[in-house]
Amino acid sequence: MSGYTETQPLGRTATADGRASPDRSSAANQSHRLANGGLIDRQAPLQFSFDGKSMSGFAGDTLASALVANGVKLVARSFKYHRPRGIMTAGSEEPSALVEMRTGARKEANTRATTQELYDGLVASSQNRWPSLRRDFMAVNSLLSPIFVAGFYYKTFMWPAKFWEKLYEPAIRRAAGLGETAHLPDPDHYDKAWAHCDVLVVGSGATGLSAALAAGRAGARVILCEEDSHIGGRLLSDGGEIDGMPALDWLRRVTDELASLPNVRIMARTAVFGVYDGGDFGALERVNDHVPQPAEHQVRQRLWRIATRRSVVGAGAIERPIVFPGNDRPGVMMAAAVRTYINRFAAMPGKRIAVFTNNDDGWRTVEAVVRAGGEIAAVIDPRGKVPAAYRALADRSGLRVLPGQVVDVKGGVDGVRSITVATGSSTQNIDTDCLAASGGWNPNVALSSFHRGRPTWREDIAAFVPGVSPPGMIMAGAANGDLSLDACLRTGHAAGAMAAAETGAKGKSGNAAKAADEAFAIQPLWQVKAKGKAFVDFQHDVTASDVTLAQREGFESVEHLKRYTTLGMATDQGKNSNVTGLAIMADARGRSIAETGTTIYRPPYAPVAIGALAGHHRDQNFHAWRLTPSHHWAAERGAVFVDTGLWKRAQWFPLAGETDWLQSVKREVLAVRNGVGFCDVSTLGKVDVRGADAGTFLDRVYINGFSKLAVGKARYGLMLREDGIVMDDGTTSRLAEDHYLTTTTTAKAGPVTQHLEFCRQVLWPELDVQLSSATDQWAQFSIAGPRTRDLLINLVDPSEDVSNEGFPFMGVREVMLRGGMKARLFRISFSGEMAFEIAVPARYGEAMARNIMKAGEPFGVVPYGTEALGVMRIEKGHVAGPELNGMTTASDLGLGGMASKKKDFIGRIMAGREALMAPDRQVVVGIKPVDKARRLRSGAHVVPKGAIPGPETDQGYLTSVCFSPVLDHWIALALVERGRERIGEIVRICDPLRNEDYEAEICSPVFYDPEGGRQRA
Amino acid sequence: MPDFTWETQSPLRKALVVGRHGAGTGAAGVTLREVRDIALVQVMARRGQAAATAKAAKKLFGVEPPTSPKAVTAKTATLIWSGADQFLAFAPHSGDEFYAKLADTFAGIASLSDQSDGRCALHISGPRARDAMAKFCALDLHDTVFPVGAAASTAIDHTNASVWRSADEAGEAVYNLLVFTSFSDSLWHMIADAALEYGLDAGHVSAVQ
């Protein structure tokens, strides 16, 4: 048997350090604060407000303990029935005392008052009530409760279905629910971090401390996580004696030793919420939830991903309620929570406390109340037989002990006033303002079940214990069903030592600490069968009759029970309600609990804010970005940027006076078509392909051949996926006998590089090929337009010949630029104009842009963006992303003729499948409107003239559209059924999304310079 | 004819604000440096030429290139493992000289890819360097796991990075990062953000002494 010790607790007390007496004024206002004891700092009074009422507490308090100390009973209204609720527990399992914390943008709903540390100036308010907590109009729901039973929504609002979204759901959401969010951007920062260890210990009670010590002494790298602000778990509330010394002294010694071990890291305020594949755990550190707001540069919360080889879970056990009428009234609390408030926080939850327990542990609360000088109204123990030690306590203290059950709780919004106890056939009323109830303890099996390990039933403690835990996890102590202090110390130590040894730690773990082995006897009592609303799930307002109704209506399986009644589906995940609910179901079915089974838990064990999951990645940091080598130069010229994958590319360069994007784009296109312009094309993927077999490798990857390409030449290539669909396109240049440079589209640079590596490493390891991504190495610009050569003559060293003969179309070579810079020059064109691409190492990107401007100044050179680039490629009929859409074949794109018949290549066989060769496939054509003033929009559908638009008549759609400055009307590329056979046909274009319907003509996709003379000039 | 000049620019010319940032005023917890003027060449053994490549490297640098995730420091370069039968040679920039020397050494036995401009080099050091790095790097950087000379190829913010550990004159850990140039602006912001709570000293150094 143990009780709270008489020794000095960890927190300072008025007399402990001989300082001046405590702030009597603030203590005096706290009607339920004990004069001595507790792990609170009476030298540090804190002011706070709840629902606008100013109160005081002390450092070391939680919001809940401060409310208890101030005698506040009513703190919330329940989810469905708006019933008055108080504080039930003292931990993270709290279902009732959910409050709104803070104000303004930092307002946060549904904070458990039991886990919120008190700070000076804390502002909290109750939620789910109107106009006030005391007078809540929605409490009328409670009167309607006969219809708000399990399955109510399913039964009532099934029909008509369309009413659900518009009428029922909004109405129900207004009436039900909990707190309200801030509706403002969160001003705080969050981040995510990795941690690594050999042994992760979850929980810092007797079990966790023993495990951490054993593993740490052995030399393993240990991380000890504790969700509370204080290390110690139940030791902080239950005291006791360990190794012959008061438990709190032992606690201090162990924490000192752990702190002295460099291989042990203690993380308080850190809740482990999940275990994932490969031994990774998720944990949430509430770095600054205990202060009004984080200091500058500090984060509010930090999400940890902990990679560990072994874990020891000493997560303790959670006390479960007994289901009896009125068991949700403010003032009905868990027995161990009452003990915590008295011992840890020096706050007495009632002036006259009744205890209702079916197990020995409830008696420790009786003992705590007596020791603290509180009054016991009665102890109700339905077992009739009370252990001798506690019988002696009762006799010594003159306690009234009743071998019965609580059958009713009377009271108002301010909580319990009296209880009715039935003993045999007689009943009696007992005045009390706090009923401490205990239905036994449920081992905290959550983490053990996250990989679908199903807990098993243990009759002797009437509770589920862990089944098969995730690999590397050892459940220990109370979490494993070992409920006595001595067993926790022993199994924790053994688990820590074993885990450390399994990771190769060689040191000595020493011996386990010892405590007197307390007995734990229990006689299960799940439900008191008496008239009145008796709650099972307090957060979701699920009653015992909901459970039996579910059984009567056939929802007998535990999984059905959960979903039909919403039992255990609130944010507390049924930590203190699940087992009770299924025990009542087992009883209703006339089966054992073991036969009925249990649901299992899923992560997260504790709520995790989305902000913590996002971490750094929000707003402008939502995802990483890539900048081109000329980015800052373009930004300084006022370029408008567009996100292209991760890249930020210049979309157009507006000039002063231009008000419309189309105006800028038209100007840029005409400047290129009539003069010269340039564009940063560094984003195209570039892969160096080297080795003796580089040509053979490319022959197999592309549908056309490359091994016979001459050194100093470039060629357009098309590659297929294994299934015969086009994967990507681009030009490949042969820079040397054993060196090709392949380019990919911007979007596919990553996937194509991966594909090539796969081919190299897996498909043809026998080839001598080496690949390297060179995308970021080069700043590459396309210079295009009839004056390109004039510009180049100004740019290249006079010794270089860039004439049509000296540098023909599709030629490639290294050239010397004026000022002594080497560059690669490629004569390739995407715009249809005479064009070159010029590449220099990326560090010269801005210098290159400036020098092109300088060299082209006499010819009116302009920088152009991706919009003008797109317009010119559509005018020229080049396919791009909208046509290479993962559904088109080479033939669909009009490129079927490129496929070599002399060699094999990836996708060749599959491209020959019947459906991919069908004559009625949709193929790329051009579209021009009959009414030249008509604007085209991509996505519009093509149907035959005179047909009624619909799925049966649909023949394709517009893939790429633009306004063509040279033709002075809108044009489009489209995928159209049998399109190439229908040049000249007038079709109907329908756009039901934008309500447009007009006629257009199918034409060649090449709108500009179909002979190609300009690019070869 | 106008004069053409070819100034270089750092990809961090906007992101990098030299000086003391973030929390505190004393010595910064994290020192972050861009290393400018680097030469970097990827050396990939030709098929069946791994041994010959290693031998040639030994002759040129005086050390064998690593065959597992390690970084080996030689007098003129650091050789960093970058995959099976390949490594990165990292050195001060010297115009075309470094690449030319390697091209000569490895002619016929290894393919080269110049990455001098394709990567941006960073140094992260200081008493809180590891705490800051834990926010964006999944590697276990503990002394026993990632000592001086350890190297890894890892993902940082969805892009590839090479990481290796060296030491400064005082023997304190310096974490070397090579990241893709186009990502460096983004990554710099993220790394700086991770370091602000510890105090950040940002700057740049030249690889050329």
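In chain B, the centres of domain 1 and domain 2, taken over C-alpha atoms, are separated by 24 Å. The domain assignment puts domain 1 of chain B at 19-36 + 118-206 and domain 2 at 38-114; such bounds come from an automatic or database domain assignment.

Before going on, the conventions. This is a predicted model, where local features need pLDDT of at least 70, side-chain atom pairs count only at pLDDT 80 or more, and totals for chains, interfaces and linings use all residues. Residues are numbered from 1 along each chain as its sequence is written, and chains are lettered from A and ligands numbered from 1 in the order in which they are written.

Back to chain B. The contact between the two domains takes 11 residues from domain 1 and 10 residues from domain 2, contact being C-beta atoms, placed from the backbone, within 7 Å. On the domain 1 side, β8 (119-125), β9 (151-156) and β10 (159-167) of chain B give two or more residues each. Strands here are DSSP runs of E, at least two residues, and helices are runs of H or I, at least four, numbered from the N terminus. That side of domain 1 divides into six nonpolar, four polar and one charged residue. Nonpolar covers Ala, Val, Leu, Ile, Met, Phe, Trp, Tyr, Cys and Pro; charged covers Asp, Glu, Lys and Arg; the others, Gly among them, are polar.

Next, the contact between the chains. Chain A supplies 40 residues and chain B 44. Which element gives the most to the side of chain A that touches chain B? That is β8(A), with six residues. The chain A side divides into 14 nonpolar, 14 polar and 12 charged residues.

Now a helix pair in chain A. The axes of α13 (residues 544-552) and α15 (residues 578-589) come within 9 Å and cross at roughly 45 degrees. Axes are lines fitted to C-alpha atoms, for helices over the stretch in contact, with angles from 0 to 180 degrees between N-to-C directions. α13(A) and α15(A) are therefore oblique to each other; under 35 degrees counts as roughly parallel, over 145 as roughly antiparallel, 65 to 115 as roughly perpendicular, and the rest as oblique. The residues of this contact include A:Val547 in α13(A) and A:Ile584 in α15(A).

Last, an open sheet of three strands in chain A, ordered β21-β22-β23 with antiparallel pairing; strands pair if DSSP finds at least two bridges between them. β21 (405-412) and β23 (426-431) stand at the edges with a single partner strand each, so one side of each has no neighbour in the sheet. Seven bridges join β21(A) to β22 (residues 415-423) of chain A.
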